Amino acid sequence: MARPRKFDEDRVIDAAMDTFWRRGYEATSTRDLSETTELGPSSLYNAFGDKHRLYLRSLRKYQETATVEQVALLRAPGPVADRLRNLLTTGIDIDLSGTGRPGCFAINAAIERAADDPDVREEVRRNFATVEEALREVLAEGQRSGEIDPARSAEVLARQVLSTYYGLRVLARAQPDRAALLDVVDTLLESCAGTGRRQ
């Protein structure tokens, strides 16, 4: 019979996610993970497998928390343009806040690992697909209400917004000019509204 674990699994995964998020996969050592999770190396890997498996668990935890929060912004009540703007500006403000967590963990993983690691690529794809589907839903809602240009498919618009959103989150790390980033947001929303915007 397996012995019960004497630690909070959610807390350990949160700590591992934070470490990978701040340092990246390659730069994170077993010692780093042991220090931040407060578990010895043998206890850590007996519970969660190797570093790679713990990284994948951390990406899933990101989807269950940060990605869910992004979707919630899109599904909140109010005009569609306001919800889109809220998603975009919230991402910008988080990235400019100086919290020590650089950018979006899923984007970081895509840049660092997805090209060479099919497991990471699948986790990242799942994260991106979740946000894209929420965008498609809200944009289709905007087309029905007359807020969004009906001449272009909601799927295409969702990919445009998604690409801009993730691009802004990368750009904010190198160009921390909030006004310039908000100009991109304004241009994107005007493009989405097109002829569908009510006068």
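This is a predicted model: local features need pLDDT of at least 70, side-chain atom pairs count only at pLDDT 80 or more; totals for chains, interfaces and linings use all residues.

Me: How many salt bridges does the structure hold?

Reply: The structure holds 18 of them. As a general point, side chains of opposite charge can pair when their charged atoms come close.

Me: Which parts of the chain does the pair R75 and E137 link?

Reply: The side chains of R75 and E137 form a salt bridge with an N to O distance of 3.2 Å, and this pair links distant parts of the chain, since R75 is in the loop between α4 and α5 while E137 is in helix α7, 62 residues apart. R75 counts as exposed, at 54% relative accessibility, whereas E137, at 30%, counts as partly exposed.

Me: And what about D93 and R178?

Reply: Their side chains also meet in a salt bridge, 2.7 Å from N to O. D93 belongs to helix α5 and R178 to helix α9, so the pair ties together parts that are 85 residues apart in sequence.

Me: How far apart are R22 and D18 in helix α1?

Reply: R22 and D18 are four residues apart in helix α1, which means that about one helical turn separates them; in their salt bridge, the closest N and O atoms are 2.8 Å apart.

Me: Changing topic, which residues have the most contacts inside the largest nonpolar core?

Reply: That core has 54 residues, and those with the most contacts inside it are L84, L135 and L139. Helix α8 gives the most to this core, with nine residues. L84 touches L135 and L139 themselves, and among its other contacts are L74, I148 and L189.

Me: Is T37 buried or exposed?

Reply: T37 counts as buried because its relative accessibility is 0%, and buried here means under 20%. T37 is found in helix α2, which covers residues 30–37, and a polar atom of the T37 side chain lies 2.6 Å from the backbone oxygen of L33. Leaving aside residues up to four places away in sequence, T37 touches R11, V12, A15, A16 and L44.

Me: Last one: where is the kink in α4 centred?

Reply: The kink, of about 35°, is centred on Q63.

Terms used:
Residues are numbered from 1 along each chain as its sequence is written. Side-chain values use heavy atoms; hydrogens and water are left out. Helices (H or I, at least four residues) and strands (E, at least two) are DSSP runs, numbered from the N terminus. Buried means under 20% relative accessible area, exposed over 50%, partly exposed in between (1.4 Å probe, protein chains only). A polar contact is a pair of N or O atoms within 3.5 Å; within protein, one must be able to donate a hydrogen and the other to accept it, and residues adjacent in sequence count only if both atoms are side-chain atoms. Contact means heavy atoms within 4.5 Å. The bend at a residue is the angle between axes fitted to the seven residues ending there and the seven starting there. A nonpolar core is a set of buried Ala, Val, Leu, Ile, Met, Phe, Trp, Tyr and Cys residues joined through side-chain atoms within 4.5 Å. A salt bridge is a side-chain nitrogen of Lys or Arg within 4 Å of a carboxyl oxygen of Asp or Glu.
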